[in-house]
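Colleague: I would be grateful for a close look at one part of this model, with the criteria stated alongside the values.

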Amino acid sequence: MNSQDKIKWLSRCRDIDRKIQSKCDEKSVWMARATKITPTLSDMPSGGKKENKIESAIEKMEQIEDEIDLEIDELVKVKTEVKAVISSVQSSTYREVLERRYIRGQKWEKIAVEMNYDYRYTLKLHGFALQAVEVDTKRHPIVC
């Protein structure tokens, strides 16, 4: 497995986090739509379109919640796999760089500042850390 494959494999946590955030944003949009729909009370018969809009918005939010739950389950599974691989790296410095980047999703600049390293040195450490990562593709298949 080359470095690019390792980066893709390790980056799955961040990718799933982004998908979950996107679903949460979509749910918020549907919630806003549902709360903007105001039924009007009248003794005149109507087609019931307002109620259908509210009902469809609620159904859409429930569907999105189910999708979010599935994504969270996947995230927990992937994070467990990634953490296991990162924890197998011998160097604590390499482990920290990998964890900050792939588990916490930190940007390189923040990693460098918080670890008190130069930005370029942090990238160099990452390269060494990637070389130290060993992914057993039979146990942890590459799914990108």
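Is D15 buried, partly exposed or exposed, and at what relative accessibility?

Modeller: D15 counts as partly exposed, at 36% relative accessibility; here buried means under 20% relative accessible area, exposed means over 50%, and partly exposed lies in between, with a 1.4 Å probe and protein chains only. The model is predicted, so local features need pLDDT of at least 70 and side-chain atom pairs count only at pLDDT 80 or more, whereas totals for chains, interfaces and linings use all residues. Residues are numbered from 1 along each chain as its sequence is written, and side-chain values use heavy atoms, with hydrogens and water left out.

D15 is placed in helix α2; helices are DSSP runs of H or I with at least four residues, strands are runs of E with at least two, and both are numbered from the N terminus. The side chain of D15 meets that of R18 in a salt bridge, at 3.1 Å from N to O. The term denotes a side-chain nitrogen of Lys or Arg within 4 Å of a carboxyl oxygen of Asp or Glu. Because R18 and D15 are three residues apart in helix α2, which spans residues 12-36, about one helical turn separates them. Along the chain, D15 and Y102 are 87 residues apart, and their C-alpha atoms are separated by 9.9 Å.

The structure holds nine salt bridges, and another of them joins the side chains of R100 and E96 at 2.9 Å, N to O. Both R100 and E96 belong to helix α4, residues 92-103, where they stand four residues apart, about one turn of the helix. E96 has a relative accessible area of 32% and is therefore partly exposed. R100, by contrast, is at 9% relative accessibility and so counts as buried.

R100 also meets E114 through a side-chain salt bridge of 2.4 Å, N to O. Since E114 lies in helix α5 (residues 108-115) and R100 in helix α4, this pair ties together parts that are 14 residues apart in sequence. E114 is partly exposed, because its relative accessible area is 39%. Through shared partners, salt bridges join E96, R100, K110 and E114 into one network.
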